[in-house]
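Colleague: I am new to reading models like this one. Could you take me through it, feature by feature?

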Amino acid sequence: METPEKNKNKSVFLESGIEVNPLYTSKNVDKEKLDEEAPGKYPFTRGIHPMMYRKSPFTIRQYAGFATPEETNERFHFLLNNGQTGLNVAFDLPTQCGLDSDDPRAFGEVGRVGMTIDTLKDFEIAFKNIDLNKITVSLTINGSAIVLIAMYIALAEKLGYDITTLRGTAQNDILKEFIGRGTWIFPVDKSVKLVIDTIEYCAQKIPKYSPVSVCGYHIRESGANPIQEMAYAFCIAKAYTDGALQRGIAIDDFASRLSFNFDIYGNLFEQIAKFRGGRRLWAKIIREEYHAKNDNSCWLRMIAGGGGGGLTKEQPENNIIRSAYYALISALSGTQTMALCSYDEAYTIPTEKAAEISLRTMQILIHEMGICDTVDPLGGSYYVESLTDRFEEEIKKEMLKVAEWGGIVNAVATGKIQESVSKQAYTREIGIQRGEVNKVGVNIFKREEAAKPVDFHPYNETAAKEQIEKLQKIKLERNNEKVKICLHQVLTDAQQDKNLMPSIIAAVKEYASVGEIIQVLKNVYGEYQEPIFL
Amino acid sequence: MKILLSKPGLDGHDVGVKVLALALQDAGFDVSYTGLRKSPEEIVNIAIEKKVDIVGLSILSGTHLLITKKMKEVLDTHKLNIPWVVGGNIPSQDVEPLMKLGPTAVFPTGTTVDEVVNFFKKIENK
């Protein structure tokens, strides 16, 4: 509602387009609802657990990649000896795109942005003398995820673990790869089929494994506003859920294993409301639309991390301050897990020093700021609660738009979402460059800076060569007759539209490579053709 | 002037190249974009086929030196003598070595959209 006083002032809008009043009062909130909502109680607006960080603080899980399986193994041992229990593993781009190290298209990229995996041998090296029951491994893998998940299971089986209690997570959210990040391989519908295969297999055989983490993060990094970030992520999560239900999996056997990965940059209150409103809406979707009985099926479990999108190359030290605020936002939003981009991440793979500052930022928040003392400290704030309600409403509306585009799978296959997100990225960038969106050090409070040399991770050509030699040696030494039979099984299973997990697990056990298995699937499914809207 | 923008290598960071494509379109240029993961051979073939006047490469995985070197070789093989530029996550110490490999210009992170658009305008008016 317009008030005469407000007309005197310039209107203020959030990035999402929501207008902000100069003052919020009890008139802006639904008092009855406020009295009813409690942490740990459906619809979980105030948090998924009754005691939240009072019981245990959020988990810190930084993204890290090490070029070779050998180095990764060293790092695992270091972490275990220092009391850590989890690692978020980065893979190099050839592994992510399903190419072997000796593929010409992998030239110059082997081991560059993460660990290289060609065959099960590499996993055996990476996890040597590691108790898989003691460390939870998060695989940041999407396009080739079905092969890498199969490898992790094959490794556990070969080492004699009981896979019914095996834990771990995979990112495995292919739909967002078509919107941002771009490590897609197969056409959209076939890509989704592979995700559902992993969900089905895990629900039946490895119930403690989390096969999918739906990422709003990369969608927002590609230019989506906070409403779209949540709306598209929820549409994607629903697409996987629908696929799982079609295979006869009960909602309560699957929904509690689903987790989310979200992005934080921009307006502080907008982000907090996004998570609180999103958490309430997701709970309602799972209970009201899918009729889940268990409370934990309705939980929006998330990693909410400080994103690279807010960081700047200019005055990079300012990114340390930005990230500290992002961490605060994440904690005030009731996240389960937190990660921060490091201050140098706008222009390079983080240096050790920068990564340490990120870690300390989160530790200072936990141990010095009293952030864990009381649950949902912003609950009841007129502004935050009003904005939370608004976000729930707006995310719902945005989801209806996707439905009008023929659903998320269609909207992604036709490039509709990519186009809308790119145009928004353009508008935002132009806004920054024209000074309409403030960015300290970039368009206000600028300082002339001489271009500084960047600590750059040099490419390890020797390691790449050794990796290729290792792969070629394995290809000579393995039982190639068995490999051939296994790959043929993958082929016929793909042609007959069967769940591919069993045949891929069998193939990787015989040291069939990532590239070989992906190539078999390309022969059946074809490859994704990027819709170009320009 | 016809512009071809492309992403060689395997990295999927395409926000920058798409933002630039939209900005160049707004400035009145005829812009096409190849999409992700194109090899220098594919890019040069598309450039010849579409008869473009200039090619822009966007690289953010750290492979800029390798790819630029390869691009120069492929351009020479096909005797395609048109301006070409490289942009992306390029550390300042790599700008000079990159320029020596033959591109007309290098645009590291931090270059404004207007700066790049103005550069293309200058090339057009040459």
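Colleague: How much area do chain B and chain A bury between them?

Modeller: The size of an interface is often given as the accessible area lost when the parts come together. Buried area is counted with a 1.4 Å probe: the accessible area that two parts lose on being put together, summed over both. Here chain B and chain A bury about 2,900 Å², and 61% of it is on carbon and sulfur atoms. B:Leu10, B:Leu22 and B:Arg37 supply 23% of the area that chain B buries against chain A, more than any other three residues.

Colleague: Before we go on, what should I know about the model and its numbering?

Modeller: This is a predicted model, where local features need pLDDT of at least 70 and side-chain atom pairs count only at pLDDT 80 or more, while totals for chains, interfaces and linings use all residues. Residues are numbered from 1 along each chain as its sequence is written, chains are lettered from A and ligands numbered from 1 in the order in which they are written, and side-chain values use heavy atoms, with hydrogens and water left out.

Colleague: How many residues does each chain bring to the contact?

Modeller: Contact means heavy atoms within 4.5 Å. Chain A brings 38 residues and chain B brings 36 residues.

Colleague: How many residue pairs are in polar contact between chain B and chain A?

Modeller: A polar contact is a pair of N or O atoms within 3.5 Å; within protein, one must be able to donate a hydrogen and the other to accept it, and residues adjacent in sequence count only if both atoms are side-chain atoms. Between chain B and chain A there are nine such residue pairs, both residues at pLDDT 80 or more.

Colleague: Which helix gives the most to the side of chain B that touches chain A?

Modeller: Helices (H or I, at least four residues) and strands (E, at least two) are DSSP runs, numbered from the N terminus. H1(B) gives the most to that side of chain B, with eight residues. The residues of the side of chain B that touches chain A divide into 14 nonpolar, 16 polar and six charged. Ala, Val, Leu, Ile, Met, Phe, Trp, Tyr, Cys and Pro count as nonpolar, Asp, Glu, Lys and Arg as charged, and the others, Gly among them, as polar.

Colleague: Now charges. Which residues form a salt bridge between the chains?

Modeller: Side chains of opposite charge can pair when their charged atoms come close. The rule is a side-chain nitrogen of Lys or Arg within 4 Å of a carboxyl oxygen of Asp or Glu. The count between chain B and chain A is one salt bridge. B:Asp114 forms it with A:Arg434, with the closest N and O atoms 3.1 Å apart. Over all chains, the count comes to 39.

Colleague: Where do A:Lys509 and A:Glu157 lie?

Modeller: A:Lys509 is in helix H21 (residues 501-509) of chain A and A:Glu157 is in helix H7 (residues 145-158), 352 residues apart. Yet they form a salt bridge, the closest N and O atoms being 2.7 Å apart.

Colleague: Is A:Lys509 buried or partly exposed?

Modeller: Buried means under 20% relative accessible area, exposed over 50%, partly exposed in between (1.4 Å probe, protein chains only). A:Lys509 counts as partly exposed because its relative accessibility is 26%. A:Glu157 is partly exposed too, at 29%.

Colleague: Why are A:Asp197 and A:Lys193 separated by about one helical turn?

Modeller: Because they are four residues apart in helix H9 (residues 188-205) of chain A. A:Asp197 is buried, with a relative accessible area of 0%. A:Lys193 counts as buried at 11%.

Colleague: What joins A:Glu37 and A:Arg280?

Modeller: A polar contact of 3.0 Å joins their side chains. A:Glu37 counts as buried, at 10% relative accessibility.

Colleague: Last, the strands. In which sense do strand S3 and S4(B) pair?

Modeller: Strands of a sheet pair through backbone hydrogen bonds, either parallel or antiparallel. Two strands pair if DSSP finds at least two bridges between them. Strand S3 (residues 54-59) of chain B and S4(B) pair in the parallel sense, over five bridges. In S4(B), B:Gly87 is the bridge partner of B:Ser58.

Colleague: Which residues point each way from S4(B)?

Modeller: B:Trp84, B:Val86 and B:Gly88 point one way, B:Val85 and B:Gly87 the other way, and all are buried.
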